[in-house]
Amino acid sequence: MTMATSSAINLPSSSFFHKKEVGQGISAFSSNSSQFSASSNCNKQSTSNCTRIVSVMAPQQSQRKPSATGSVKNAMTMTEKILARASEKPQLNPGDNVWVNVDVLMTHDVCGPGSFGIFKKEFGQNAKVWDREKIVIIPDHYIFTSDERANRNVDILRDYAKEQDIKYFYDITDLSDFKVNPDYKGVCHVALAQEGHCRPGEVLLGTDSHTCNAGAFGQFATGIGNTDAGFVLGTGKILLKVPPTLRFVMDGEMPDYLLAKDLILQIIGEISVAGATYKSMEFVGSTVESLTMEERMTLCNMVVEAGGKNGVVPADTTTFKYLEGKTTVPYEPVYSDRDARFLSEYRFDVSKLEPLVAKPHSPDNRALARECKDVKIDRVYIGSCTGGKTEDFLAVAKVFLASGKKVKVPTFLVPATQKVWVDLYTLPVPGSGGKTCAQIFEEAGCDTPGSPGCGACLGGPRDTYARMNEAQVCVSTTNRNFPGRMGHKEGQIYLASPYTAAASALTGFVTDPREFLH
């Protein structure tokens, strides 16, 4: 059944967002625009910050009957197409349950041991995995610690990888110096991309909720539990329900004080942490097309914070260029059909957005950074799969360089991977006269960059570097700010972009980066 497009409505010049509800297989049209008030500042004052267009539905039409020559093939979204191909089905619709062939399964030191245990229990102690070259094992969570249980988990990974002859096991044996472990990578989601395991059109599963990070490559990527992973290890298949898709159209020139972290915080603040529950989030528009691969990864990384099943960005020349030299596996991108059915469509004028933070204790507790300028902080943390990539550190260095000042609070730097760590010490920062990030960080008074890994993003054992062992206030480039997330259950975490985190480090308060970048 065809679908009518929304009728045109002239938005006020101050408006930067509107939402269009689109029924599946039902024509939709726009209603009158309505102003909504949103509590978005640190003083909890209600301010109208967007115009939302909510369409109403036309009466449902009768189902179109198949033609005499056979069934009519409906248009599909990217996610529906990927799952259709992986399940060997010509057509899928949201809500369908299908057996999907898995291209890559990733696990790490926290969930690997449990997944392996389930595999052995269900398939047999001497059973072999379905494909030793499609399993990627990456120790990264609780690595640089003296905790015996954490160390044992890595030992279990090593034993299993040897037993199953796993091709891609990124081991670490000497915890005293990560640099003497050439196979060790660091944070699984960034390592997957850097090592060429992310490819357009494929299905990538991981025993970690932020596996959705890989959707930046135009593939279906989502986190699964240990039981599902144990089943995939033995069969290479998983039973999935096809999610409906929310479409996020972001247009406009990206201001030089915004990063992708601001975009995803804006979206989560708009739809809430439950707004995309078991839905696919597809990101398109001129702004998205202008983003680098690392920025697209940031965008997709936090879809799970909105409850999303997966996030996806259409593959393009930026994607293909990034993959050059990283993989020899052939891949085939897919794209949403022009008349694909989206559950809802959200449009943003990115040129009108401002730097944001997510206040404690939820990623959807959105506020403008400038409205939180009176919030005194105790520390800043730069790291994680969300905010510990090379470009994240270059952004921090850019702010420090522009200010010429020293940080006023302890500032911890944890590169996501060993490659990112090398970049900090070798890549010159633009406009610095040849200085590296590491040199700029040292001059600014930051802590020496720590060993690559997940670090204090999720707390970890008490001796984890930069863990919050006291009830402090932290501005962090990580992804979650629930009570106890970074250690102490009374700690307060403000999620922010690398720009905002760097600016806050320089003042000791939550700070809008425009104070230094303009």
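These exercises walk through one predicted model, each with a worked solution.

Residues are numbered from 1 along each chain as its sequence is written. Local features need pLDDT of at least 70, side-chain atom pairs count only at pLDDT 80 or more, totals for chains, interfaces and linings use all residues, and side-chain values use heavy atoms, with hydrogens and water left out.

**Exercise 1. The chain as a whole**

Task: State how many helices and strands the chain has, and what share of its residues is buried.

Solution: 
- Step 1. Take the elements. Helices (H or I, at least four residues) and strands (E, at least two) are DSSP runs, numbered from the N terminus. The chain has 15 helices and 22 strands.
- Step 2. Apply the burial classes. Buried means under 20% relative accessible area, exposed over 50%, and partly exposed in between (1.4 Å probe, protein chains only). Of the 518 residues, 58% count as buried.
- Step 3. Look at contacts, meaning heavy atoms within 4.5 Å. Among those between residues at least 6 apart in sequence, 74% join residues at least 24 apart.

**Exercise 2. Backbone exceptions**

Task: Find where Tyr278 and Ala466 lie, and decide whether each is buried or partly exposed. Then locate the cis bond from Pro360 to His361.

Solution: 
- Step 1. Tyr278 is not a glycine, yet its phi is positive, about 45°. Its place is the loop between helix H6 (260–271) and strand E14 (280–284). Tyr278 is partly exposed because its relative accessibility is 27%.
- Step 2. Ala466 also has a positive phi, near 70°. This residue sits in the loop between helix H13 (437–444) and strand E21 (473–476). Ala466 is buried because its relative accessible area is 8%.
- Step 3. The peptide bond from Pro360 to His361 is cis, with omega near 0°. His361 belongs to the loop between strand E17 (356–358) and strand E18 (366–368).

**Exercise 3. The six-stranded sheet**

Task: Give the strand order of the open sheet of 6 strands, and explain why E18 and E20 each have a side without a neighbour.

Solution: 
- Step 1. Two strands pair if DSSP finds at least two bridges between them. The order is E18-E17-E22-E21-E19-E20, with mixed pairing.
- Step 2. E18 and strand E20 (411–414) are at the edges with a single partner strand each, so one side of each lacks a neighbour in the sheet.
- Step 3. From one strand to the next, the twist averages 25°. Axes are lines fitted to C-alpha atoms, for helices over the stretch in contact, and angles run from 0 to 180 degrees between N-to-C directions.
- Step 4. E17 and strand E22 (residues 492–496) run antiparallel, joined by 2 bridges. Val357 is opposite Ala496 of E22.
- Step 5. H14 (residues 498–507) lies across E17, strand E19 (379–383), E20, E21 and E22. Its angle to E19 is about 150°.

**Exercise 4. An antiparallel pair**

Task: Identify the covered faces of E6 and E12.

Solution: 
- Step 1. Strand E6 (residues 97–101) pairs antiparallel with strand E12 (residues 237–241) over 5 bridges. Asn101 has Lys237 as its bridge partner in E12.
- Step 2. In E6, Val98 and Val100 form the covered face; Asn97, Trp99 and Asn101 form the uncovered one.
- Step 3. In E12, Ile238 and Leu240 are on the covered face, with Lys237, Leu239 and Lys241 on the uncovered one.
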